[in-house]
There are 2 protein chains.
Amino acid sequence: MSGHGIRFRVNANLCLKDPQMTEYGQKLLSSSIHLFDELGFEKFTFKKLAISIESREASIYRYFENKHKLLLWLTNWYWEWVNYLIDLNIRNIDDPERKLKIVLHNIVNASTESPLTEYINENILHKVIIKESTKAYHIHNIDDENRLGYFSSYKELVQKVATVISSVSPKYPYSRMLASSLFEMANNQIYFAEHLPQLTDISCKKDQYIELEKALNFMTMKLLKE
Amino acid sequence: MSGHGIRFRVNANLCLKDPQMTEYGQKLLSSSIHLFDELGFEKFTFKKLAISIESREASIYRYFENKHKLLLWLTNWYWEWVNYLIDLNIRNIDDPERKLKIVLHNIVNASTESPLTEYINENILHKVIIKESTKAYHIHNIDDENRLGYFSSYKELVQKVATVISSVSPKYPYSRMLASSLFEMANNQIYFAEHLPQLTDISCKKDQYIELEKALNFMTMKLLKE
DNA sequence: TAAGCGAAGATAGTAATACTATCCCTAATT
DNA sequence: AATTAGGGATAGTATTACTATCTTCGCTTA
């Protein structure tokens with residue numbers, strides 16, 4: 001069963017053994033996404049994960065050193081996946097502005113694409129990313145982990161979007177800041193819409209992010225207009 | 001010694017006893033800010049805090065139920081403080097655009113104002129807010145805590161800024177989204193500048209956020225121009 | 001001056017967490 | 001037929017996140 005669908009290159013130091021390569025690892029990934037969603041990062045433990053896949057704590061530790069690295073692994077997988085989707089969808093598009101609109105669509109709606117793998121539920125992973133991904137990089141030893149390349153997927157993705165932004169408006173002086181802010185805003189505003197609605201103007205119905213996409217489009221285009 | 005300087009109204013349910021009112025409580029606050037900064041939220045424990053103020057774990061628990069509520073308390077204090085500074089500085093200003101520029105200045109540079117209390121080091125608290133505050137509201141029981149009013153300081157602050165935005169440009173359709181994004185961006189971009197510089201265009205020298213303020217001004221004014 | 005009280009000190013103890021270690025079993029290579 | 005990698009099973013440890021209880025000290029107030 002293993003090797004089904006697409007596999008992404010996630011920094012090898014984030015795991016002790018590539019979970020995408022074994023059935024056990026795929027079950028681990030699949031269950032961990034559901035469990036992060038149900039429990040949140042703080043209440044999530046390897047013990048509970050082991051129980052949910054009818055295995056043992058010690059076996060989980062053979063794949064991941066700790067839950068932080070597991071979350072980081074999933075986060076990287078997510079960014080690789082968004083990167084892949086963007087590449088796929090802007091291929092053969094020449095108009096920069098059209099390209100940027102597609103990028104925005106993919107940032108917001110990645111999870112509504114048709115699923116690529118059996119063992120990763122992109123929809124639930126997206127929810128986990130929205131709620132928990134910030135904890136993957138707001139950590140005390142950020143500089144060490146950055147040096148080890150644990151954030152390279154995100155950095156590449158932001159760089160790609162910044163390049164598209166620059167192709168629309170070569171003189172815009174804050175392309176990378178805008179790019180990273182678009183990703184952060186997308187996640188944040190969805191979270192606010194659901195939990196702290198006074199902090200946003202948009203609302204999200206049934207995981208439909210139409211208003212958010214419209215708002216980000218409006219904002220981006222206004223910023224980049226000469 | 002207690003009762004010195006300004007005291008802010010922080011949601012009373014976040015603590016068991018107001019730490020601002022006793023010398024012990026003030027020492028607790030002061031030390032916790034330093035310790036959050038040194039250790040990060042994850043490695044911070046009440047045991048270590050007790051040692052650092054030469055007290056006992058059990059005594060800390062008489063003020064705060066857990067470290068999450070302590071962080072939330074500090075976060076609320078911070079937002080109350082920024083709110084106070086904004087009020088103070090836009091008083092007597094009539095021109096909306098001028099008002100907004102002052103607001104942006106305060107969002108970015110709050111911590112460089114002259115200190116208000118002996119027991120809270122605003123500069124270090126600002127660093128803690130940048131690194132840890134997102135963990136105060138990315139929690140599993142967010143809806144319960146929101147219902148208890150644990151985020152009201154932030155919501156009021158965002159509402160205040162949204163009102164200023166609307167006074168500059170009454171037709172702008174995303175004033176609250178812009179307001180909350182300004183706060184989130186300010187923290188994020190400072191964090192990126194220091195730790196993940198590829199994700200931003202700005203740099204921060206010696207806790208001077210001139211470039212960031214300029215960028216936020218540029219962005220905001222461009223968005224609100226007719 | 002004594003009684004009473006609250007705040008914090010001191011000491012214990014517990015359940016859960018985050019691991020590490022070791023030994024065993026089995027199924028697939030070689 | 002022998003080896004070995006993957007995972008199962010069990011055990012154990014240090015730390016964390018609390019809770020409980022009993023004592024002491026200093027301040028009111030009667």
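This is a predicted model: local features need pLDDT of at least 70, side-chain atom pairs count only at pLDDT 80 or more; totals for chains, interfaces and linings use all residues.
Around DNA strand D you will find 18 residues, and the closest are A:Y24, A:S55, A:R56, A:S59 and A:R62.

**Stop 1: DNA strand D**

Show the atoms of DNA strand D within 4 Å of the protein. Sugar or phosphate accounts for 58% of them, and bases make up the rest.

Now pick out single contacts. Select A:K17: a polar atom of its side chain sits 3.1 Å from a phosphate oxygen of DNA strand D. Then take B:Y61, where an N or O atom of the side chain is 3.3 Å from a sugar or linking oxygen of DNA strand D.

**Stop 2: DNA strand C**

Switch to DNA strand C. It is surrounded by 18 residues, and the closest are B:S55, B:R56, B:S59, B:R62 and B:Y63. Of the atoms of DNA strand C within 4 Å of the protein, 55% are sugar or phosphate, with the rest in bases.

Zoom in on B:S55. An N or O atom of its side chain is 2.7 Å from a phosphate oxygen of DNA strand C. B:Y63 also has a polar side-chain atom by a phosphate oxygen of DNA strand C, at 3.0 Å. What does B:R62 face on DNA strand C? A polar side-chain atom of B:R62 is 2.9 Å from a base oxygen.

Select residues 57–60 in both chains. These are α3 of chain A and α3 of chain B, the elements that give two or more residues to the surface near DNA strand C. By class, that surface holds 8 charged, 5 polar and 5 nonpolar residues.

**Stop 3: the axis**

A rotation of 180° does it, with 0.0 Å of shift along the axis and an RMSD of 0.0 Å. That is how a two-fold axis relates two copies. To find the axis, select B:L223. Its C-alpha is the nearest to the axis in chain B, at 3.1 Å. Both copies use the same surface, as 100% of the contact residues of chain B recur in chain A.

**Stop 4: the largest pocket**

Next, go to the largest pocket, with about 850 Å³ of space. It is lined by 25 residues; closest to its centre are A:F41, A:E42, B:F41, B:E42 and B:K67. Colour α1 (23–43) and α4 (67–90) in chains A and B, the elements that give two or more residues to the lining. α1(A) gives the most, with 5 residues. The pocket lining has 11 charged, 8 polar and 6 nonpolar residues.

**Stop 5: the cavities**

Finish inside the protein. There are 9 cavities of 30 Å³ or more. The largest cavity has a volume of about 230 Å³. Of its 22 lining residues, select the closest to the centre: A:T134, A:N188, B:T134, B:E184 and B:N188. In both chains, α6 (122–137) and α9 (175–195) each supply at least two residues of this lining. By class, the cavity lining has 10 nonpolar, 10 polar and 2 charged residues.

Note on methods
Residues are numbered from 1 along each chain as its sequence is written. Chains are lettered from A and ligands numbered from 1 in the order in which they are written. Side-chain values use heavy atoms; hydrogens and water are left out. On a 1 Å grid over the protein atoms alone, a cavity is a set of points where a 1.4 Å probe fits but cannot get out, and a pocket is an open set with protein on both sides within 12 Å along at least five of seven lines; lining residues have an atom within 4 Å of a point. Grid points are joined across faces, edges and corners, and a volume is the space filled by probe spheres set on the points. Helices (H or I, at least four residues) and strands (E, at least two) are DSSP runs, numbered from the N terminus. Ala, Val, Leu, Ile, Met, Phe, Trp, Tyr, Cys and Pro count as nonpolar, Asp, Glu, Lys and Arg as charged, and the others, Gly among them, as polar. A residue is near a molecule or strand if one of its heavy atoms lies within 4 Å of it. A polar contact is a pair of N or O atoms within 3.5 Å; within protein, one must be able to donate a hydrogen and the other to accept it, and residues adjacent in sequence count only if both atoms are side-chain atoms. Copies are superposed by least squares on the C-alpha atoms of residues with pLDDT of at least 70 in both. Contact means heavy atoms within 4.5 Å.
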